[in-house]
Amino acid sequence: MKKISRSSNSKLLKMAEFFPESFRLDLKEERNAFFELCKEEQIWICKPSCSNQGRGIFLLKNPAAVNTLQAKLQSTEEYLLSKKVPYKAPEARIVQRYIHQPLLLEGKKFDVRSYLLIACTAPYVLFFAQGYVRLTCINYDASSDDLTVHKANQYMQKKNSLYSQMKDETVWRMEHFNSYVNEKFRKTSGLPKDWVFTEFTKRMQQIMLQCFLAAKHKLDRKLGYFDLIGCDFLIDENFKVWLLEMNANPALHTNCKVLRDVIPTVVYESL
């Protein structure tokens, strides 16, 4: 981030403006900083950094859960040292501060999947594509231990017993989302008309571009190389936009009506 700000005149967002406070558990310094910070009742979400479909995600909801995780990581480290095996860092995971007041659609938590296409790396060519909205099957309850209340992706929602009868309701087109925001929130929250396709879309693009600039030096620059990245955003009740994660190899399933419309277009346009 610092490298970009030195080499570019454009105004950059600070990380805290769009990314929930996060720590890498495979780096000792960050791991210790997290455990030092985590003394009170607060919720963190812990997820592997190289996985998808919500695999391996769990919530840390109290100091006891944090202490258990700390003890587990410590015992793994001590075991490896005692066996005199070459040092192996703990599994690459991050812990991310949970966003407590998400905006709800009909009482349900949701996130937005959009797409960043790195169409070329020599020269760099980027495209943005609107995606779709993913909702949970059941109403939001921050205190629930059911992960299907907290994670809106389709793989997670399939684990809910209501999914088979509700699957078409768990995915909205962006046009539907825009109409809903216009109708339900525009006046009460003082939003401009079509906020979804104006301010929200511009903020997603700004965040995606900033993330690309921060990571582009790691990309292989060869003619013919490209990548389609799925970017997940959450909106809180103050209409602040948060980046949750960016996914290589995003799911391109078409298992419900909206996805049968959206996904083939994304694939066709990417190619």
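Colleague: How many aromatic pairs does the count come to by the ring rule?

Modeller: The count comes to nine. The rule is that rings of Phe, Tyr and Trp (its six-membered ring) pair if their centres lie within 6.5 Å; planes under 30 degrees apart are stacked, over 60 edge-to-face, and the rest tilted. Bear in mind that this is a predicted model: local features need pLDDT of at least 70, side-chain atom pairs count only at pLDDT 80 or more, and totals for chains, interfaces and linings use all residues. Residues are numbered from 1 along each chain as its sequence is written, and side-chain values use heavy atoms, with hydrogens and water left out.

Colleague: What makes Phe212 count as buried or exposed?

Modeller: Buried means under 20% relative accessible area, exposed over 50%, and partly exposed in between (1.4 Å probe, protein chains only). Phe212 has 7%, so Phe212 is buried. Tyr124 has 27%, so Tyr124 is partly exposed.

Colleague: How do you know that the charged end of Arg221 sits over the ring of Tyr124?

Modeller: The test wants NZ of Lys or CZ of Arg within 6 Å of the ring centre and within 35 degrees of the ring normal. The charged end of Arg221 is 4.3 Å from the centre of the Tyr124 ring, and it does sit over that ring.

Colleague: What makes a group of residues a nonpolar core?

Modeller: It's a set of buried Ala, Val, Leu, Ile, Met, Phe, Trp, Tyr and Cys residues joined through side-chain atoms within 4.5 Å. The largest one here has 32 residues, and Phe110 and Trp195 are among those with the most contacts inside it. Helix 9 gives the largest share, six residues. Phe110 and Trp195 also belong to a cluster linked by ring pairs, including Phe177 and Phe200.

Colleague: Why is Asn249 called exposed?

Modeller: Its relative accessibility is 61%, so Asn249 counts as exposed. Asn249 lies in the loop between strand 10 and helix 10, and its phi is near 55°, a positive value in a residue other than glycine. Most residues other than glycine have a negative phi.

Technical notes:
Helix = DSSP H or I, 4+ residues; strand = E, 2+ residues; numbered from the N terminus.
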